[in-house]
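Try each task with the structure open, then compare your steps with the worked solution.

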Amino acid sequence: MLRERDVSIQQQQSVRRRAPLWNAICSALVLGAATWAAPASAEPVVAVTPDGIFQGKLDTTGTMREFLGVRYAEPVTGSQRWKPPVPVKPSFVPQEATQFGNHCPQAASPFGIASATEDCLFLNVYAPNEGFAFPRPVMVWIHGGALVVGESNDYNASKLVGRGVIVVTINYRLGALGFLADPALTAESPDHISGNYGIEDQQTALAWVRRNIIAFGGDPERVTMFGESAGGLSTFTNLVSPTAAGLFHRAIVESGAYMLTLPTLAQSEATGTTFANAVGCNQSTTEAVAACLRALPIATILANQALTFPAGSLGPAPNVDGKVLTQSIGAALGSGQFNRVPLLNGTNHSEWNLFVAEDFDLVGGPVTKGTYDAAIAATIGNATIAPTVAALYPVPTTAFPSFDQGVGGVGTDAIFACAAHFADGLASPFVPTFAYEFNDPNPPQNFLPPVSFTYGASHASEIQFLFPQANPSGFGLNLPQTPLTANEQQLSDRMVGYWTTFAANGDPNGVGQPLWQRFTRNGQVMQSFVPPSASPETNFATVHQCEFWDTVSGRTLPPAGNQSASNH
């Protein structure tokens, strides 16, 4: 019954979308066929779409067309602050799309550039500059940054585009502007919801892609949503969101399983009320509170938005509001009530090392024997079991030569690795699931300066294997770029091949690539990425002590029932 209900929902929503989609496709074919079928040398670079006419440019190599700073929603400023996005109104006045648009408000950090501009709902389209016989697979990238920082213009899509896909990168509202829930905002909502504005932005961008991408040469029936960290969490969120049904056809999650249980609307409203009180928006009527919130300066919002974050988290969270989300990620995956598309999901071997450097080494110095238990307690939010955990992660060992790396192992396993492994177990009975672990022992670290230990395959270190760094990164730190080694370049080629083949076919396996077996509950095979190539690994759960962490977290896989991923 669960499967029938889920399929029925998707069929109904697909029917509702199909008529306008085909109208859009016909318009694009009539108006834009000559553009996207033009030879590689054609100038100017123009796309005629149902939503507008866009003048793009070629990249410096002449092999990739770029359409930058394309608006996908009306400005979310003034009275539209903390309201759902409104799709952009079509306009056939030619629009220049040669420069990035504003990115969303955030403070400066190693992971994002400071901005105070609310009018930020823009996307970028990157496409091969060559003719083609059939529409190409499309990959929509959702950037990471704890739902607090980041922007769409940091990602050089040339390597992915070189494999014949079209890449779209998007901005979406961040921090309190994207995720504040408050009783006053809920009261004015026709759906009696608030706080999922950033997710609604992402879905509006996906809808824009579905309407327009054929004019750029893309296939609206082969859209892959993919993202890292908060972008991975966003991908999981859309995977289980009823309002995202039909907007994408594959999902890739990189390091995004860290919050499988999301807060309820009531819980998010409680933190939102704390925020509102702190900034002086505690008037006697909901109308007055909403007006006060919309009048707040951006600087005030950014300075106080941590009050909206769930306890112990680095950023805000989507909430189960009854519409955008009807249940948490883990519950939806376990019940089969999600958008059943092929899933590629994975983590990095030493995720938490990045945060150990940021929170300890670069602040007060390395973790020591005397501070080990306290650092563990701070990482997992549980001082009671910290001594037990310390005994499970002894230092020094081959795995953890230093106390910093011991804490890194704890955070990696407790927050990222075992949650991702559990998500694989939940999803794999329902959809084809491909799991991976990024295991490069010494990839370039382009976000933070050197510390007392080797970062290893830390959080976000796999991104450069998909999106080559075009500029020195580590914003505000002026860190020079460290290029990939020859073996790492080979691994990058493998990973790009897997990702783009998955986007094309829903299966990463292709000619000349090492076989990537599906993940199943009984055969827990993952693909391990170690330069220069990839190979299977079967001991992930043991290495990361997932039995212990699943027990501590109260995670238990539900029965698989009669569902079979082979039927989807």
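**Exercise 1.** Is the crossing in which α11 passes α14 left-handed or right-handed? Work out the orientation and the contact of the pair as well.

*Solution.* Keep in mind throughout that this is a predicted model.

- Step 1, handedness: α11 passes α14 in a right-handed crossing.
- Step 2, contact: α11 contributes N353, F355, V356, F360 and D361, while α14 contributes D404, Q405, V407, G408 and F416.
- Step 4, geometry: the axes of α11 (residues 353–361) and α14 come within 8 Å and cross at roughly 125 degrees.
- Step 5, orientation: angles from 65 to 115 degrees count as roughly perpendicular and those over 145 as roughly antiparallel, and α11 and α14 are therefore oblique to each other.

**Exercise 2.** Now take α12 with α14. At what angle do their axes cross, and which residues meet?

*Solution.* 

- Step 1: α12 spans residues 372–380 and α14 spans residues 403–427; their axes come within 10 Å and cross at roughly 25 degrees.
- Step 2: an angle under 35 degrees counts as roughly parallel, so α12 and α14 are roughly parallel to each other.
- Step 3: the crossing of α12 and α14 is right-handed.
- Step 4: on the α12 side you will find Y372, A375, I376, T379 and I380, and these meet F403, G406, V407, V410, G411, A414 and I415 in α14.
- Step 5: the residues of this contact divide into 9 nonpolar, 3 polar and no charged.

**Exercise 3.** How are α5 and α6 oriented to each other, and how do the residues of their contact divide by class?

*Solution.* 

- Step 1: α5 and α6 (residues 230–239) pack at an angle of about 75 degrees, with their axes 11 Å apart.
- Step 2: the range for roughly perpendicular is 65 to 115 degrees, so α5 and α6 are roughly perpendicular to each other.
- Step 3: I199, Q202 and Q203 of α5 meet S234, T237 and N238 of α6.
- Step 4: this contact of α5 with α6 has 1 nonpolar, 5 polar and no charged residues.

**Exercise 4.** Stay with α5 and turn to the second largest pocket. Which helix gives the most to its lining?

*Solution.* 

- Step 1: the volume of the second largest pocket is about 470 Å³.
- Step 2: 24 residues line this pocket, and the closest to its centre are P84, P85, D191, E200 and K323.
- Step 3: α4 (183–188) and α5 (197–212) each supply at least two lining residues.
- Step 4: α5 gives the most, with 6 residues.
- Step 5: by class, the lining has 10 nonpolar, 7 polar and 7 charged residues.

**Exercise 5.** How many cavities of 30 Å³ or more are there, and what lines them?

*Solution.* 

- Step 1: the count comes to 2 cavities of 30 Å³ or more.
- Step 2: the largest cavity has a volume of about 50 Å³. Its lining is made of P444, Q445, N446, F447, S458, H459, A460, S461, I463, Q464 and Q469.
- Step 3: that lining divides into 4 nonpolar, 7 polar and no charged residues.
- Step 4: the second largest cavity has a volume of about 40 Å³ and is lined by V76, C104, P105, E118, C120, R173, L174 and L177.
- Step 5: the lining of the second largest cavity divides into 6 nonpolar, no polar and 2 charged residues.

Terms used:
Residues are numbered from 1 along each chain as its sequence is written. This is a predicted model: local features need pLDDT of at least 70, side-chain atom pairs count only at pLDDT 80 or more; totals for chains, interfaces and linings use all residues. Side-chain values use heavy atoms; hydrogens and water are left out. Axes are lines fitted to C-alpha atoms, for helices over the stretch in contact, and angles run from 0 to 180 degrees between N-to-C directions. Helices (H or I, at least four residues) and strands (E, at least two) are DSSP runs, numbered from the N terminus. A crossing is left-handed if the near helix is turned anticlockwise from the far one by less than a right angle, and right-handed if clockwise. Contact means heavy atoms within 4.5 Å. Ala, Val, Leu, Ile, Met, Phe, Trp, Tyr, Cys and Pro count as nonpolar, Asp, Glu, Lys and Arg as charged, and the others, Gly among them, as polar. On a 1 Å grid over the protein atoms alone, a cavity is a set of points where a 1.4 Å probe fits but cannot get out, and a pocket is an open set with protein on both sides within 12 Å along at least five of seven lines; lining residues have an atom within 4 Å of a point. Grid points are joined across faces, edges and corners, and a volume is the space filled by probe spheres set on the points.
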